[in-house]
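Dear colleague,

I am passing on a structure for you to look through, and below it I have written down what was found. Please read the notes with the structure open beside them.

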Amino acid sequence: MVSGPPGAGKSTVAGILAAGFPRSALVEGDQFFGFVRQGWVPPWTEPAEQQNRVVTEAAAAASGRLAGGGYFVVYDGVVGPWAIDAFADACAPARVNYVVLLPPEEVAIERVRSRTGHGFTDLEAARHMYAQFSDAQVSALHLLVHDDGEADHLARVVRERLDAGSLAWTGRAR
């Protein structure tokens with residue numbers, strides 16, 4: 001799983017990672033929120049807690065099924081450490097590897113501001129989600145703090161950590 005706040009570079013890094021495996025699937029978590037047709041609640045708001053849990057668990061279940069079918073799955077989505085255990089439970093029995101990309105806030109916000117063709121451009125919500133990740137107690141094993149580095153370099157670092165086994169999620173669910 002490649003996670004982090006909006007503008008962290010998740011989608012770009014996840015795509016590069018998925019391309020590096022001979023049999024892979026890229027699960028874009030944001031797409032699952034698009035399945036909700038009526039009763040949608042902005043995911044960054046407090047009333048969205050139940051919606052976020054259900055949608056994230058659906059995406060995790062799909063990820064787990066793909067992994068069970070022999071694909072190396074790269075999940076791209078906003079899943080904070082407060083939700084990773086529920087994701088891992090829904091993904092079981094597949095093993096979950098977890099990395100949080102965290103550039104400086106101004107870099108993430110500028111990426112969100114300058115997006116074209118992306119469904120999420122809410123700067124206030126992006127700042128809120130950045131603060132949630134920044135304030136979270138993410139283990140250094142799962143955190144990749146970076147400047148505005150090249151996506152290829154970030155993907156290489158993630159792949160090295162993955163190959164070394166240091167991204168394996170060992171939370172309460174594992």
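Helix α1 (residues 10–19) packs against α7 at an angle of about 60°, and the axes of the two helices are 9 Å apart. Helices here are DSSP runs of H or I with at least four residues, strands are runs of E with at least two, and both are numbered from the N terminus. An axis is a line fitted to C-alpha atoms, for helices over the stretch in contact, and the angle is taken between N-to-C directions on a scale from 0 to 180 degrees. The angle therefore makes α1 oblique to α7, given that under 35 degrees counts as roughly parallel, over 145 as roughly antiparallel, 65 to 115 as roughly perpendicular, and the rest as oblique.

Before going further, please keep in mind that this is a predicted model, in which local features need pLDDT of at least 70 and side-chain atom pairs count only at pLDDT 80 or more, while totals for chains, interfaces and linings use all residues. Residues are numbered from 1 along each chain as its sequence is written, and side-chain values use heavy atoms, with hydrogens and water left out.

From α1, the residues Thr-12, Val-13, Ile-16 and Leu-17 meet Ala-151, Asp-152, Leu-154, Ala-155, Val-158 and Arg-159 of α7, where contact means heavy atoms within 4.5 Å. Sorted by class, this contact has seven nonpolar, one polar and two charged residues; Ala, Val, Leu, Ile, Met, Phe, Trp, Tyr, Cys and Pro count as nonpolar, Asp, Glu, Lys and Arg as charged, and the others, Gly among them, as polar.

Asp-163 and Arg-159 are four residues apart in helix α7 (residues 151–164), so about one helical turn separates them. Asp-163 is exposed at a relative accessible area of 54%, while Arg-159 is partly exposed at 27%; buried means under 20%, exposed over 50%, and partly exposed in between, with a 1.4 Å probe and protein chains only.

Another salt bridge joins the side chains of Arg-113 and Glu-110, at 3.0 Å from N to O. Both residues lie in helix α5, three residues apart, about one turn of the helix. Arg-113 is partly exposed at 47%, and Glu-110 is partly exposed at 39%.

What does Arg-127 form a salt bridge with? The partner is Glu-105, and the closest N and O atoms are 3.8 Å apart. Arg-127 lies in helix α6 (residues 123–135) and Glu-105 in helix α5 (residues 105–113), so this pair ties together parts that are 22 residues apart in sequence. Arg-127 is partly exposed, with a relative accessible area of 40%, and Glu-105 is partly exposed too, at 31%.

Finally, please look at the peptide bond from Ala-92 to Pro-93, which is cis, with omega near 10°. Pro-93 lies in the loop between α4 (84–91) and β4 (99–102).

Notes:
A salt bridge is a side-chain nitrogen of Lys or Arg within 4 Å of a carboxyl oxygen of Asp or Glu.
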